[in-house]
Amino acid sequence: PEADQAPLNIIMVSHRRVYFVDTIFLEDGECCGEGVANRFINWWTQKLESCCPGIREDVSGMVQDNVSYMSKAYREHFQGYFTKSVAIRCLAHIFNLVAKVFWEDGAMKPLRYFAFAIRLYSKGKV
C-alpha cells in the first residue's frame, strides 16, 4: 500500500475472543461515508456472506474511528445493512486525543518523568 492510503482494519469479536480478519486500504476519494461503506460492504459480501449466509444478522456493534466520514458511513449505510448493530466510538482513540492535548501543553511532563523513574526502578537501575 501507498503511504497515503488509509487502512480500514476489520476485527471481529466472538465468544470473548478477538480476531484480526483483514485490512482494506482505501484509495483516494474513498475516505468518505459512501466510499468506506461501499468498500466494506463489498468486502463483507465477498468474504463472509458467501460462506456464512445470514451472518450480518449477528453483528451487534461496530467500533469506529472518530473521523466524521465513519460516523456518516454508519448513519447512512451500515445502520441499514447491519440492522441489529450500534456504533461505538473508539474509546482508546478518544483517550489518545485527550492525552495528546495534555502532552503538547506540557502538563504531562511531571507524569512522564515519574513513569520513567518507576520504569528504571523496576529494572533495578536506580
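Q: In this predicted model, what span does helix H4 (residues 109–122) reach from its first C-alpha to its last?
A: Helix H4 has 14 residues. At 1.5 Å a residue, the expected span is 20 Å. The helix in the model is close to that value, reaching 20 Å.

Q: Is Glu49 buried or exposed?
A: Glu49 lies in helix H1, which covers residues 33–49. Its relative accessibility is 19%, and the limit for a buried residue is under 20%. Because 19% falls under that limit, Glu49 counts as buried.

Q: With which side chain does the side chain of Glu49 make a polar contact?
A: Leaving out residues up to four places away in sequence, Glu49 touches Trp44, Gly54, Ile55, Arg56 and Tyr81. The polar contact made by the side chain of Glu49 is at 3.1 Å. The partner is the side chain of Trp44.

Q: Over the face of which residue does Arg56 lie?
A: Arg56 is among the residues that Glu49 touches. Arg56 is placed 4.1 Å from the centre of a ring, over its face. That ring belongs to Tyr81.

Q: How are the rings of Phe40 and Phe82 arranged, among the aromatic pairs of the structure?
A: A search of the whole structure finds 8 aromatic pairs. In the pair of Phe40 and Phe82, the ring centres are 6.0 Å apart and the planes stand at 55 degrees, so the arrangement is tilted.

Q: How many residues apart in sequence are the parts that the pair of Phe40 and Phe82 ties together?
A: Phe40 lies in helix H1, whereas Phe82 lies in the loop between H2 and strand S4 (86–89). Both Phe40 and Phe82 are buried.

Q: What is the arrangement of the rings of Tyr81 and Phe82?
A: Tyr81 is buried, as is Phe82. Their ring centres are 4.9 Å apart and their planes stand at 90 degrees. Planes over 60 degrees apart fall in one class, so the pair is edge-to-face.

Q: Which element supplies the largest share of the largest nonpolar core?
A: This core has 19 residues, and Phe40, Trp44, Phe78 and Phe82 touch the most other members. Strand S1 (6–14), strand S2 (17–26), H1 and H2 each supply at least two residues of it. The largest share, 7 residues, comes from H1.

Q: Which residues do ring pairs link into a cluster with Phe78?
A: Leaving aside neighbours within four places in sequence, Phe78 is in contact with Val36, Ala37, Phe40, Ile41, Met62 and Ala73. In the cluster linked by ring pairs, Phe78 is joined by Phe40, Trp43, Trp44, Tyr81 and Phe82.

Q: How far from a polar atom of the side chain of Ser85 does the backbone oxygen of Phe82 lie?
A: Ser85 is placed in the loop between H2 and S4, and at 8% relative accessibility it counts as buried. Beyond four places in sequence, Ser85 is in contact with Val59, Ser60, Gly61 and Tyr74. The backbone oxygen of Phe82 lies from a polar atom of the Ser85 side chain at 2.9 Å.

Q: What is the C-alpha to C-alpha distance between Gln79 and Gly61?
A: Gln79 is in helix H2 (residues 68–81) and is partly exposed, with a relative accessible area of 42%. Gln79 and Gly61 are 18 residues apart in sequence. Their C-alpha atoms are separated in space by 9.8 Å.

Methods. Residues are numbered from 1 along each chain as its sequence is written. This is a predicted model: local features need pLDDT of at least 70, side-chain atom pairs count only at pLDDT 80 or more; totals for chains, interfaces and linings use all residues. Side-chain values use heavy atoms; hydrogens and water are left out. Helices (H or I, at least four residues) and strands (E, at least two) are DSSP runs, numbered from the N terminus. Buried means under 20% relative accessible area, exposed over 50%, partly exposed in between (1.4 Å probe, protein chains only). A polar contact is a pair of N or O atoms within 3.5 Å; within protein, one must be able to donate a hydrogen and the other to accept it, and residues adjacent in sequence count only if both atoms are side-chain atoms. Contact means heavy atoms within 4.5 Å. Rings of Phe, Tyr and Trp (its six-membered ring) pair if their centres lie within 6.5 Å; planes under 30 degrees apart count as stacked, over 60 as edge-to-face and the rest as tilted. A charge sits over a ring if NZ of Lys or CZ of Arg is within 6 Å of the ring centre and within 35 degrees of the ring normal. A nonpolar core is a set of buried Ala, Val, Leu, Ile, Met, Phe, Trp, Tyr and Cys residues joined through side-chain atoms within 4.5 Å. The expected span of a helix is 1.5 Å times one less than its number of residues.
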